[in-house]
Amino acid sequence: MLTKEQKEKYMNAAFEQAKIAQKQGEVPIGAIVVDNEGNIIGRGYNRRELDEDSTQHAEMIAIRQACQNLNSWRLVDCSLFVTLEPCPMCAGAIINSRIKEVYYGAFDQKAGAAGTVVNLFTVDKFNHHPQVFGGLYKDQSVEMLRSFFREIRQKQKLEKQAKKELNQE
């Protein structure tokens, strides 16, 4: 089991990835994979808009990088830290890569597959069940997402007003 300090360190690393996404106009979600020695072996942030690819979630990118760094698809003794509860696609990748532990921040009311909408990690038929710890630095995760979407809505409102003013001239 990880210490409070280790969890904080790794979640902060995931938040750093989320900030990179936000600076690029992506939904601010970040993820990292940590090996059993405490090394960060995979990093990822959302890139769906940048890459025009629906599979470019933070978790998927971090898992892919970790697999490449270990030269194995099995991440048996690894932990994943992510700022938002994994969706079904990412939960499937977590299960298939045999990740030992998942730590996530905000609960995802629309697509959470670690217990909020559905819990794929507890399906008996699957051959792997990671330990899952939700709500880690939840408030920070939620605020990051809220402020991002607030800015998007404000920008859309201003664009709509500008368009309306142009049409009135």
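**Cysteines and cores in a predicted model**

Biologist: How do you know that Cys-67 is too far from the closest cysteine sulfur for a bond?

Modeller: In this predicted model, the sulfur of Cys-67 lies 8.4 Å from the closest cysteine sulfur, which belongs to Cys-78. A disulfide needs the two sulfur atoms within 2.5 Å, so this pair is too far apart for a bond. Seen from Cys-78, the closest cysteine sulfur is that of Cys-67, again at 8.4 Å.

Biologist: How many disulfides does the rule give?

Modeller: The count is 0.

Biologist: Why is Cys-67 called buried, and what makes Cys-78 count as buried?

Modeller: Buried means under 20% relative accessible area. Cys-67 has 17% relative accessibility, so Cys-67 counts as buried. Cys-78 has 3%, so the term applies to Cys-78 as well.

Biologist: What makes up the largest nonpolar core?

Modeller: This core has 32 residues, and Ile-29, Val-33, Ile-63, Leu-75, Leu-80, Ile-94 and Ile-99 have the most contacts inside it. Among the elements that give two or more residues to the core are strand S1 (30-34), helix H3 (58-70) and helix H5 (138-168). The largest share, 6 residues, comes from H3.

Biologist: Which residues are in contact with Leu-80, leaving aside its neighbours within four places in sequence?

Modeller: Contact requires heavy atoms within 4.5 Å. On that basis the partners of Leu-80 include Ala-31, Val-33, Glu-59, Ile-94, Ile-99 and Tyr-103.

Biologist: Which residues belong to the other core, the one of 12 residues?

Modeller: Among them are Tyr-10, Phe-15, Phe-81 and Leu-136, and this core lies apart from the largest one.

Technical notes
Residues are numbered from 1 along each chain as its sequence is written. This is a predicted model: local features need pLDDT of at least 70, side-chain atom pairs count only at pLDDT 80 or more; totals for chains, interfaces and linings use all residues. Side-chain values use heavy atoms; hydrogens and water are left out. A nonpolar core is a set of buried Ala, Val, Leu, Ile, Met, Phe, Trp, Tyr and Cys residues joined through side-chain atoms within 4.5 Å. Buried means under 20% relative accessible area, exposed over 50%, partly exposed in between (1.4 Å probe, protein chains only). Helices (H or I, at least four residues) and strands (E, at least two) are DSSP runs, numbered from the N terminus.
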